[in-house]
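This briefing covers one protein chain. The sequence and structure come next, and the notes after them are grouped by topic.

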Amino acid sequence: MKAHIETACFLNSGRTTLIQASNKDAAWIKDLKDIRECFGPLFTKESGDSILLLKPVASGIVLIVSKIMPNSSGDNLTAYLYLPVGLKISGDELFGIFLDIMSLLAQNNHDVVSNFLNEISLKEFEVEAIGAFKWAAPTEKFAYRTVSGNFSTTGFSVSDVLSNPFQSYYVKFEYIYIAIDNQFIANVNQHTDLSSQPISQRNEDMEIDSTNEVEITSEFLKQNTKISGWLAFFIGAVTVGGLFSVIYPIATFNIEDYAGNYCLAAVDIINGISLLLVAILTAYSFVNRKPTAVFWAKVYVSLVLLINLILLISGNEEGTGLESGTQGIRGVLFAVLWFLYLSFSNQVNEIIPKPFRKIKLKNWVIVGCMILVPIFLSIVGYSQITSLVDYRNTQEIELLATSLDENDRTDGKIIFSIPSGFSCEDKIVDSEGASLKIFQLENSNIASCTLCSVYDPDKSDTNFDSYWSGWKDEDYGSYNENVIAFDSCEINGNYCKYKITRLDVNGSNVYWSYYLLYNEPSEKLLIVSCYDGDNSTDYIDELLNSIKFN
């Protein structure tokens, strides 16, 4: 695990002014007190103008380096360094930082001090994971420890003290004054002398009062870990992906893409909402170092994997955009690679350590709902479609068995009468996996017509254009065209949309009349395509008025 030394600097002169803080919202900063409360009881002007204090705080210790101003109130410019428990930094390196800070404070240049503290806070250090650690509440105000500024054979030096500032006996005190080279100590007889106390090796003396022990907290991880690199990219990708998963199915919604079934349409929208919800939970949990962060991240990629596998297995990958096979394969690869990353990444384990991770029953309940609700809706939707198809097949069989007049024809969906003077032939063609009966009406002196019927309630111009473009003659692009009419009307209570185009074919005018006639109750659609010259179009009116949908 990696961590940072958090820093702050305050000017205490009359009032307290914040000069610099690497993390203004840190709990340890909010709990700081003006060290002028130590001036007089613990040290005075006789102690010199450079003071070093240690202050135990939750899950760490604060190194306080203060420049005391030459007045009677103890005004000061003070730097604070928060060291999280288990921070791996040598006493010599920490002593060097202390000397540099003292030198910069003496210059009384706030910008220089701020820049140096910012540099310190950006540096990463290794941290030994300690499962349970927290200082107990202090029972005494002050203690002191006399040390030498340099290496000493008779006592401890500053480097020795800083080699491991997490000593169990510090827990009893709010401040520990490190008196260097016989610095003056005020009221010496009223404070506890720690000078002769041994300095244990790092982490070997961490048995703090067990009644106050706590596990590593989210706050501790927020203060001592930083999200960057691939993990930051993953969180950003998940957030954008979650938003897109909701926006895309809503923006492109067309009920006909789901065979007119709202249950199936709801599946895509619910899946999108679920992905957005999990994306939000993932980002929030990582940013706030919640125990469920990795869990929600894995749920997100698992949902992406499941959705794309269903897409590929169902054979619906021939579409475009999110429905394409290429996108499905990309989705599977995305999910697999990120799942492996979340499982084996050292960075992820540092941000959310495995012992810290916890999954509650309610988390599994939420995931279960995200999976089971779409499955339930899919079952209901496909059942409704199956029932509808069975009903329509039954209706078609009954209509085909109906006795018709000699001039009438049916394909099981509609009945029509052959216009006067026209012949009629029919054939069965395969259309999108289904058999479709096509009727061809011919009169060599008047026109040639093709008609068929399907199930489609979509009356939009987009749908009309889709049909119209699909029925164009192969040579249509080589003709000059002029749209004569593009309108709608009502025929026997049924909505009709039509387009009539004049084509210049080798110097002669040919009219292409294209009609879509809708029957709303049955969702049946009659398609009529006719080519004629400048002759009468009464045959079209005769044909359309003869249509029966029931």
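Is K497 buried or exposed? K497 is buried, with a relative accessible area of 8%; buried means under 20% relative accessible area, exposed over 50%, and partly exposed in between (1.4 Å probe, protein chains only).

The model is predicted: local features need pLDDT of at least 70, side-chain atom pairs count only at pLDDT 80 or more, and totals for chains, interfaces and linings use all residues. Residues are numbered from 1 along each chain as its sequence is written, and side-chain values use heavy atoms, with hydrogens and water left out.

**Overall form**

- The protein has 13 helices and 19 strands; helices (H or I, at least four residues) and strands (E, at least two) are DSSP runs, numbered from the N terminus.
- The radius of gyration is 41 Å, whereas a compact globule of 550 residues would have one near 24 Å. This radius is taken over C-alpha atoms, and the globule rule is 2.2 Å times the number of residues to the power 0.38.
- Along the principal axes, the C-alpha atoms fill a box of roughly 125 × 50 × 35 Å.
- Of the 550 residues, 47% are buried.
- The protein exposes about 27600 Å², and carbon and sulfur atoms supply 53% of that area. Accessible areas come from the Shrake-Rupley method with a 1.4 Å probe; for residues, only the protein chains shown count as cover.
- Among contacts between residues at least 6 apart in sequence, 64% join residues at least 24 apart; contact means heavy atoms within 4.5 Å.

**Strands and sheets**

- Strands of a sheet pair through backbone hydrogen bonds, either parallel or antiparallel. Two strands count as paired if DSSP finds at least two bridges between them.
- Eight strands form an open sheet with mixed pairing, in the order β3-β2-β6-β5-β4-β9-β8-β10. β3 (15-21) and β10 (192-193) stand at the edges with a single partner strand each, so one side of each has no neighbour in the sheet.
- Within this order, β4 (residues 50-57) and β9 (residues 173-180) run antiparallel and are joined by two bridges. L53 has Y177 in β9 as its bridge partner.
- β16 (residues 480-491) and β17 (residues 494-505) also run antiparallel, joined by 11 bridges. N482 is paired with R502 in β17.
- Two residues separate β16 from β17 in a hairpin, and N492 in the turn has a positive phi of about 55°.

**Salt bridges**

- A search of the whole structure finds 11 salt bridges, each a side-chain nitrogen of Lys or Arg within 4 Å of a carboxyl oxygen of Asp or Glu.
- K141 and E37 form one, with the closest N and O atoms 3.1 Å apart. K141 lies in strand β8 (residues 140-147) and E37 in the loop between α1 (27-30) and β4, so the pair ties together parts 104 residues apart in sequence.
- K141 is partly exposed at 31% relative accessible area, and E37 is partly exposed at 28%.
- K33, E37, K55, K141 and E174 are linked in a network of salt bridges.
- R392 pairs with E523, the closest N and O atoms being 2.9 Å apart. R392 is in helix α11 and E523 is in the loop between β18 (508-519) and β19 (524-532), 131 residues apart.
- R392 counts as buried at 15% relative accessibility, while E523 counts as partly exposed at 31%.
- D461 pairs with K497, the closest N and O atoms being 2.9 Å apart. D461 lies in helix α12 (residues 461-470) and K497 in strand β17, so the pair ties together parts 36 residues apart in sequence.
- D461 is partly exposed at 45% relative accessible area, whereas K497 is buried at 8%.

- L306, I310, I371, L372, I375 and I379 make a nonpolar surface patch of about 540 Å². The elements that give two or more residues to the patch are α8 (293-314) and α11 (361-400), and α11 gives the most, with four residues.
- Patches are made of residues with over 30% relative accessible area and no salt bridge; like charges are joined within 9 Å, and nonpolar side chains (Val, Leu, Ile, Met, Phe, Trp, Tyr) within 5 Å.
- L372 lies in helix α11 and counts as exposed at 56% relative accessibility.
- I270 lies in helix α7 (residues 262-287) and counts as partly exposed at 25% relative accessibility.
- Leaving aside neighbours within four places in sequence, I270 is in contact with V373, P374 and L377.
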